[in-house]
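Reader: I am new to this structure and would like to learn how to read it. Could you take me through some of its features, one at a time?

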Amino acid sequence: MTLEGGENALKSPPMELPGPPEIGDENGNDKPQTKINSSGELLHPPAHLPQPEAPRGLLTRSKSDGPEEAEVAVSFSRSISASAGPAAAVDVSSIGKYIRERGNSFSAAIARRISSLNSSAAAGDGDFTEIHLSGMKVVVHLKKDHRSNQSDVDFKGRISFFSRSGCRDCGAVRSFFKDRGLKFTEINVDVYPSREKELIERTGSASVPQIFFNEKLLGGLVVLNSLRNSGEFDRRLWEMVGKRCPETAPRAPLYGFDDDDDSGKERTDVMIGIVRVLRQRLPIQDRLMKMKIVKNCFAGREMAVEIGKELARKHFIHHVFRENDFEDGNHYYRFLEHDPAIPRCYNFREYTNDDEPKPTSLVGQRLTKIMSAILEAYASSDLRHVDYNRISSSEEFRRYVNVVQDLHRVDVFALSTDEKTAFFLNLYNAMVVHAVIRVGLPGGAIDQKAFFNDFQYVVGGYAYNLNTIKNGILRNNRRQPYSLIKPFYSGDKRLEVALQNVNPLIHFGICNSARSSPTIRFFSAKGIEAELRYAAREFFHDGGVEVDLEKRTVHLTRIIKWYSIDFGQEKEILKWVLSYLDATKAGLLTHLLNDGGPINIASQKAKKPSLPRTRPKLTPEILLSDDGLGYVLRHFPRAFKYHGRGHEVSDLGNLIGLYQQWHSQLLPYYSFDQFVQKVEQVGTTKHVKMCIRELRERVARGGDPTKLHEPPVEHVEPDCNPEESMDVEGSVPVVPPMESHDVGYIQEDNIQEDMFNEIYREATEEPYQPSQTTAIPDVHPEQMPVEEQTMQVTSISGSGDAPKVQKVTDEQRARMEANRLKAFERAAARARASQAP
């Protein structure tokens, strides 16, 4: 069999050895094989016979084919060359072998790609995978299992587990449930101490985590891993889906309910009885001292010295100028709640905590555990993103606000150096979270002042803000950057609490909610040094320093530039930083330090800030919009069901729930308390009051109570030309206001009034007599049918013109009557003004 290649036929010189030539030209393009005789001539079939063609896709290869197709084509040519002899150009068995080889290559490629589907599906690439091979496109759709998408399933049961703050195993369980998209209830025994007794009763130990499927105990992390690896976890999970959670299962924490404190009876301060009597009996009044008016103070001589010293030691009272603890004589003191700075503190609620002060370390541990639980529940795994909106409405944050009230009268002077460092670092980071929720993220210079200086806690009888904690306590009363004033004056007793030696590592344990600040974290007093070193090492590994070997420049974080006095000289800073770098950066920096050349130290450039998120404020326009009071009028009457007497509590709860839903839709970034306060403030504006009064009047007249604003009623005016307005019966001439008060104008006004009265009388009472030949019977309007009472009135603008038709309705008559009365009032006013001397 011979093949004709046409224009692409291979023309080779005579061959000395028999056999076909190799397939393919010098460019690598496949050519159809032809038969060459001994003389070197190509043998072609007769012209009247069909010319053979090469099998499509076997002997031709496009330039776009990849290396895999080239390899297949070469193997095919070799198989043909090996099997062909002098009498045959193509062997059918070779073609079959080639097809099998190419099919095997396809199968191997598909097998390799399918083997990677599990990893790609786990990475979240999608529900299908495309495989691109030469000449074909394979799309593999993964079979959807109804169990794979567990987040969309309506679970009737409940997954709950007991945990503690800072527990790695608890974090692994939490991450496992979040990755699976499973809803779960976490019971943190550090946040809910009373639930620890329940944990021991159900499991026999206080170890965590302990996982429950409804009321059945599953086990801890080890059991969870074994069930997951064996596939038993999914089976048990789907057994729980259809079962409703019984009452014997661990109950979910409730918002607004505090635990019963067994020691509550013993916490009452022994001096509280005396304090209550003194608050009522002492002559507390304003006095003039040192050219200043001191409010709400009393003289020290009016109290026994022993009682006064004890009350001052427990921070019930203090000197008006903080000059001494308590002395008899002409000194003036006041109660802690009467200090002007104390009511502005965010952990103060109208009165001080009169219970027996708890140990400072115990309060600090409690505060740290609750705040750690908040971050574990409402922050990302890397703690870079915090959901402040959910934190503000959580039970954990409510309990945190209650715990910080125990700081009113604690004794911070008795703490050791490590305890002070850990306590004030944790307090600073916790106050930052609280400040973001209550004040908002700091923006410009004014907002930063309010954030760092105005947000205060009362701790041990003194007010502390973020600036005094960082620069006054942790930095031993050093000035903050770009400031000339120290946080504490020389006689301030808070200097006794300040750390004597400044540890530069504290800057990597403080988070001020900025993008370039270190990650928020909390510390323990026992391992404070090691934990601070770890925080610094993590900060530098995350881009806190960059080394440019070519320019011999080290780019350091701006924290070191701002607080360079805490880190030392430049050479000392580089040597200090060296111990916290990774191997690569440490090697580069060591090379620069040892070669003896100059080293340039520069500050890292600030990251380009993203566009500010504008948060609309609650204005009268927003409150009166369709999403504001319009939503309340539309949605509340349908959603609220009043149950009547005996159900007041449930009715009130349902009503508050509707207001919370309205709050989440209108201004969700405010807390509910802030939202209520804002609504009360905006509701007192004049615009809102007028709108509400109009709404009440409109409802009293029978208007729609579900619409805050009714669209204006459009009145259709009679269509007439200005020249014809005086000739059309029923039309009202426009009387321009007269600013002059001369007598001549009064006469003209009287003429106009007479004309107006005549036109009005003819339009409303007398029937119209047209000037045309058509006769209309003289019938009174009341005797005419309803359809004819609104007969169209003709007006003749000239001889030969067609009559124009106008309607006179009841509404137009009423308007005409009102305009007539207004015209009379204007005329009377002009007459009185002209007669005035």
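Author: Gladly! Keep in mind that this is a predicted model. Let's begin with a helix, H20, whose twelve residues reach 16 Å from the first C-alpha to the last, close to the 16 Å expected at 1.5 Å a residue.

Reader: Which residues of H20 are buried?

Author: A residue is called buried when its relative accessible area is under 20%. In H20 that holds for Lys-585, Ala-586, Leu-589 and Leu-592. They sit on the same side of H20, because the arc they cover around the axis is only 125°.

Reader: And which residues are exposed on the other side of H20?

Author: There you will find Ala-583, Thr-584 and Asn-594 exposed.

Reader: What covers the buried residues of H20?

Author: The cover includes helix H16, strands E13 and E14, and helix H19, which spans 570-578. Following H20 comes Gly-596, with a positive phi near 80°.

Reader: How many bridges join E14 to E15?

Author: Four bridges link strand E14, residues 553-556, to E15, and these two run parallel. To find the pairing by eye, look for Val-554, which stands opposite Ile-601 in E15.

Reader: Let's turn to the nonpolar cores. Which residues have the most contacts inside the largest one?

Author: A core of this kind is a set of buried nonpolar residues joined through side-chain atoms within 4.5 Å. The largest has 75 residues, and Tyr-400, Leu-407 and Leu-427 have the most contacts inside it. Helix H13, residues 417-438, gives the most to this core, with 13 residues.

Reader: What is Leu-427 in contact with, leaving aside its neighbours within four places in sequence?

Author: Its partners are Leu-367, Leu-407, Tyr-457, Val-459 and Ile-469. Apart from this core lies another, of 23 residues, including Phe-161, Ile-187, Phe-213 and Leu-227.

How values were computed: Residues numbered from 1 in each chain as written. Predicted model: local features only at pLDDT ≥ 70, side-chain atom pairs only at ≥ 80, totals over all residues. Heavy atoms only, no water. Buried < 20%, exposed > 50% of the residue type's maximum accessible area, 1.4 Å probe, protein only. Contact = heavy atoms within 4.5 Å. Pairing = 2+ DSSP bridges. Expected span 1.5 Å × (residues − 1). Arc of directions from axis to C-beta.
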